Amino acid sequence: MMINKRLIGTVSESKKYIAGNVAAQWCSLVANIAIMTAVTGLLASLFYKTADKSSGLITAAIAVAAVMIRFFCTLLSSRMGYLSSKMVKKILREKIYEKLLRLGASYNGQVKTSEVVQMAVEGVEQLETYFGSYLPQFFYAMLAPLTLFIYLCFVNVSSAAVLLICVPLIPVSIAAVQTWAKKLLSNYWGQYTALGDTFLENLQGLTTLKIYQADDFKNGEMNREAEKFRKITMKVLTMQLNSITIMDVIAYGGAALGVIMAATQFRAGNVTLSGCLLIILLSADFFIPMRQLGSFFHVAMNGIAASDKIFRLLDLPETEEKTGCFPPDGDIICTGLRFSYDEREILHGIDMKFPKGGFVSIVGESGCGKSTLAAILVGRNRGSRGMVTIGGRELADIRESELMKNITYVSYQSYLFKGTVRENLQMGKPDTSDRELWEVLERVNMAGFLRSEDGLDTLLTEKASNLSGGQRQRIALARALLHDSPVYIFDEATSNIDIESENDIMQEIHALAGQKTVILISHRLANVTASDNIYVMDAGNVVERGSHEELLAGSSIYAKLWNTQQSLENYGNIQRGYMEGHFDGAKGWNGGKDGADI
């Protein structure tokens with residue numbers, strides 16, 4: 001009957017609230033029995049004309065007291081249900097979040113983010129009903145018929161026995177439906193998460209879909225997924241309707257049988273008139289608790305299906321707890337490093353060295369493995385082969401928290417959260433003062449703009465979409481500077497932003513070099529010329545290394561990329577000059593003496 005011991009054990013704090021809920025309902029039942037007994041006794045005395053004024057007053061007093069008890073019991077039951085539901089949501093969401101923290105930055109290699117969101121939101125909401133309503137009703141539905149049976153045995157044993165025998169027919173019908181329902185609801189949740197995955201992906205890529213006029217195609221795909229979900233939802237609803245009909249027939253049929261038994265026993269002289277009326281009035285109470293349990297059954301089944309997914313997440317294998325700390329001194333060295341996505345190898349045994357306090361750049365065409373390497377260094381990509389050491393200690397032995405504390409990663413899509421500028425910056429250094437915040441904003445040339453707004457209390461929308469790309473990157477850099485870690489990795493941090501923001505960011509990156517270990521990944525070679533060492537990657541291999549001058553000395557891949565980029569950038573400058581009226585083909589820029597000023 002859907003009593004998941006592991007689930008209840010996981011949220012064991014809810015047991016006292018479930019017990020309180022059951023106790024409140026049982027007290028309400030006892031009060032109802034008292035009312036029915038008093039009323040039927042009064043009706044019998046009225047029929048036999050033996051009633052007097054005092055019997056009416058006593059019945060009225062019992063009724064008032066019982067109604068008040070039932071009122072307070074109902075309030076208590078609702079309160080216990082609320083507290084139980086609250087505890088469930090709090091504990092399960094904490095466990096999901098803590099599990100993701102233990103899985104680390106690479107969690108999405110084992111579970112999709114959209115599925116986690118659905119489990120933490122909709123899945124936990126379904127379990128709210130399971131703990132707040134289903135479980136209390138389950139235990140009360142077991143207790144109520146036994147209580148009524150014991151009481152009615154003092155009135156008429158035969159009628160009480162027949163009513164008690166009919167009660168289990170409802171859970172039998174529920175159990176008959178359960179086998180089919182469990183598989184159906186498992187498929188329902190699978191289709192629900194698939195629809196969620198499709199929706200989230202399309203929503204995140206909506207701008208791209210519009211640009212390439214592919215929104216109609218994705219709309220059709222979304223409609224197909226929605227239609228699958230609609231069909232399985234209708235199957236679930238049909239199953240619910242059919243099972244509810246069966247339970248209603250049993251409940252109402254059992255109550256009718258109780259009425260027949262009461263009348264038969266009264267006619268045979270085996271029960272008094274008040275006893276007969278009492279059996280008739282209480283016969284429905286035998287079946288109402290079990291019938292209400294049936295109404296919670298389908299929601300509870302949905303919750304159990306959701307809990308199966310939650311436990312699959314909680315049971316995901318975790319890497320062994322690392323004990324190593326981040327070495328305060330030492331170089332980062334990659335030796336024979338290999339990495340694959342599924343079975344496609346991306347890095348093919350690369351060797352690199354990043355000296356402590358050095359400024360090293362990695363360049364190469366898109367897809368050559370630069371960002372994959374950066375993700376390995378910060379612990380986001382697990383399962384690499386070969387060796388990565390920091391100060392002689394293997395990267396795999398260093399705790400992820402230590403990596404996050406000592407390596408700051410800034411990408412072209414650094415995330416800014418909805419909230420104030422202050423709140424976003426304080427993620428880098430929670431105990432920082434406003435003076436420090438303004439100082440770092442001055443360094444990234446954002447202080448003037450923010451002073452013209454609401455200062456540090458300037459509100460940012462989701463992903464800081466109310467700022468330009470350059471402004472977002474400057475605030476992300478300011479947050480990174482506040483983090484003040486010994487190692488900084490800049491992964492295309494100046495990609496797709498205006499030239500002024502790019503210059504400001506590169507100025508700060510160059511200022512960090514010499515003070516920190518700086519690893520710069522950039523597609524624009526003009527940004528890496530000041531590096532102590534430059535690695536050139538091609539198709540997952542390191543094909544060249546050296547300083548800017550050394551690499552330009554020969555006919556290297558780097559030299560070819562450099563010349564190509566310089567030609568394109570100079571051509572772009574000439575085009576802009578013509579458009580702005582600053583270039584004369586004979587005189588050069590701004591009336592210069594000759595065109596060689598270009």
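Arg338 counts as partly exposed, at 34% relative accessibility; the term covers the range between buried (under 20% relative accessible area) and exposed (over 50%), with a 1.4 Å probe and protein chains only. This is a predicted model, in which local features need pLDDT of at least 70 and side-chain atom pairs count only at pLDDT 80 or more, while totals for chains, interfaces and linings use all residues. Residues are numbered from 1 along each chain as its sequence is written, and side-chain values use heavy atoms, with hydrogens and water left out.

The side chain of Arg338 forms a salt bridge with that of Glu345, at 3.0 Å from N to O; a salt bridge here is a side-chain nitrogen of Lys or Arg within 4 Å of a carboxyl oxygen of Asp or Glu. Glu345 is also partly exposed, at 27% relative accessibility. A network of salt bridges links Arg338, Glu345 and Arg385.

## Other salt bridges

The count of salt bridges by this rule is 19. One of them joins Glu125 and Arg93, with an N to O distance of 3.2 Å. Glu125 belongs to helix α4 (residues 113–153) and Arg93 to helix α3 (residues 53–103), so the pair ties together parts 32 residues apart in sequence. Helices (H or I, at least four residues) and strands (E, at least two) are DSSP runs numbered from the N terminus. Glu125 is partly exposed at 30% relative accessibility, and Arg93 is partly exposed at 29%.

Arg422 and Asp457 meet through their side chains in a salt bridge of 2.4 Å, N to O. This pair links distant parts of the chain, 35 residues apart: Arg422 is in helix α12 (residues 421–425), and Asp457 is in the loop between α14 (447–451) and β8 (459–460). Asp457 is partly exposed, with a relative accessible area of 43%.

## The four-stranded sheet

An open sheet of 4 strands runs in the order β2-β1-β4-β5, with antiparallel pairing. Strands β2 (344–354) and β5 (393–394) stand at the edges with a single partner each, so one side of each has no neighbour in the sheet.

Strands β1 (residues 332–341) and β4 (residues 385–390) pair in the antiparallel sense over 5 bridges; two strands pair if DSSP finds at least two bridges between them. Thr335 has Met387 in β4 as its bridge partner.

## Confidence

The chain has a mean pLDDT (the predictor's confidence in each residue, from 0 to 100) of 82, and 91% of its residues reach 70 or more. Confidence is highest in helix α2 (residues 15–47), at 92, and lowest in strand β14 (residues 588–589), at a mean of 44.

Over residues 582–598 pLDDT stays under 50. For these residues the model has 26 contacts beyond four places in sequence, a contact being heavy atoms within 4.5 Å.
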